[in-house]
Amino acid sequence: MSSTPHDPFYSSPFGPFYRRHTPYMVQPEYRIYEMNKRLQSRTEDSDNLWWDAFATEFFEDDATLTLSFCLEDGPKRYTIGRTLIPRYFSTVFEGGVTDLYYILKHSKESYHNSSITVDCDQCAMVTQHGKPMFTKVCTEGRLILEFTFDDLMRIKTWHFTIRQYRELVPRSILAMHAQDPQVLDQLSKNITRMGLTNFTLNYLRLCVILEPMQELMSRHKTYNLSPRDCLKTCLFQKWQRMVAPPAEPTRQPTTKRRKRKNSTSSTSNSSAGNTTNSTGSKKKTPAASLSLSTQVPGLGAIPNCSLNPGRDGDLCHSTAVTPSGQFKEKH
């Protein structure tokens, strides 16, 4: 059979530029279509290895799955990691579901540097129940998916917010038990809560305890320690992280350079003890090491010298003794 231009794998004789792309890279929700096909291929003999391979094919190693809904006792929100995702899907079928698939309508896509986000406000999770009675359940809500932008295109985050659900019973079953009030009363009762079976809800409640214990389970599997030793080791390492000071970034030593003052008053006052007013000398002398008696013969000791600014803003106010014995103030 020859290929036609309507075939997605049609190769044009005019070159690769006229070739139609496969829908795999054009629409990210094609991965949901592949997931539905993989779920339909499930058999009664599917074990934990099959479910782990299923999660590996469609979810990243650090993926998270979040479910948000409202029950009779208030809103609920459950988030599980990659290790618990395979068990979540298996509990759906263990609760009496024979078929599971997702329908996305009018989804919006946004591309980022390393991910693709699909936001579908009209998503339906359809489950076909075989027990306790034949019922079709349509769970509607908003599904937000984040895919990695690579060849595998696996799911990184899954967030499904359930708004409402409907349980559909075939008319043929109602007509069959029309004369049996007990069966009709049983058919009028819901078999799910917000579209989820009690088996799945109990697992989500258990995940609240199992999720923090993933570190203990991983340590027990890696080092073959007893549960008590795993708990002691994890608690000790957590205590070390709490009491350890945060590591400061290493800084390169910087050499500080002293700034020279350009004030002419400080330059002239620093050499206030020198009687010969030399214009070429610009070296500042600290007040603490200033000794006028060693520089100018005939002068006595300095009774008062401070670097406090005076009324006129001078930096040094010194008092010296002249050879005649009289005090002379120098500003």
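Me: What makes Cys234 count as buried?

Reply: Cys234 has 9% relative accessibility, and because buried means under 20% relative accessible area (exposed being over 50% and partly exposed in between, with a 1.4 Å probe and protein chains only), Cys234 counts as buried. The model is a predicted one, in which local features need pLDDT of at least 70 and side-chain atom pairs count only at pLDDT 80 or more, while totals for chains, interfaces and linings use all residues. Residues are numbered from 1 along each chain as its sequence is written, and side-chain values use heavy atoms, with hydrogens and water left out.

Me: Why are α8 and α9 called oblique to each other?

Reply: Helix α8 (residues 214-223) and helix α9 (residues 227-243) have axes that come within 9 Å and cross at roughly 120°; helices (H or I, at least four residues) and strands (E, at least two) are DSSP runs numbered from the N terminus. The axes are lines fitted to C-alpha atoms, for helices over the stretch in contact, with angles running from 0 to 180 degrees between N-to-C directions. Because angles under 35 degrees count as roughly parallel, over 145 as roughly antiparallel, 65 to 115 as roughly perpendicular and the rest as oblique, α8 and α9 are oblique to each other.

Me: Which residues in α8 and α9 meet?

Reply: From α8, Glu215, Leu216, Arg219 and His220 meet Cys230, Leu231, Thr233, Cys234 and Gln237 of α9, where contact means heavy atoms within 4.5 Å. By class, four of the residues in the contact of α8 with α9 are nonpolar, three polar and two charged; Ala, Val, Leu, Ile, Met, Phe, Trp, Tyr, Cys and Pro count as nonpolar, Asp, Glu, Lys and Arg as charged, and the others, Gly among them, as polar.

Me: How do you know that helix α4 is mostly covered?

Reply: Eight of the ten residues of helix α4 (residues 85-94) are buried, and these are Ile85, Pro86, Tyr88, Phe89, Ser90, Thr91, Val92 and Phe93. Their cover includes α2 (30-40), α3 (48-58), β1 (59-71), β2 (74-81), β3 (97-105) and α7. After α4 comes Gly96, with a positive phi near 110°.

Me: Why is Thr200 called buried?

Reply: Thr200, which lies in helix α7 (residues 198-210), has a relative accessible area of 2% and is therefore buried. Leaving aside neighbours within four places in sequence, Thr200 is in contact with Tyr88, Thr91 and Val92, which are among the buried residues of α4.

Me: What makes Thr161 partly exposed?

Reply: The relative accessible area of Thr161 is 30%, so this residue is partly exposed. Thr161 has its place in strand β7 (residues 155-168) and, not counting residues up to four places away in sequence, touches Ser68, Glu140, Gly141 and Arg142. Its C-alpha atom is separated by 9.0 Å from that of Arg77, 84 residues apart along the chain.

Me: How many helices and strands has the protein chain?

Reply: The protein chain has eleven helices and ten strands, and 31% of its 331 residues count as buried.
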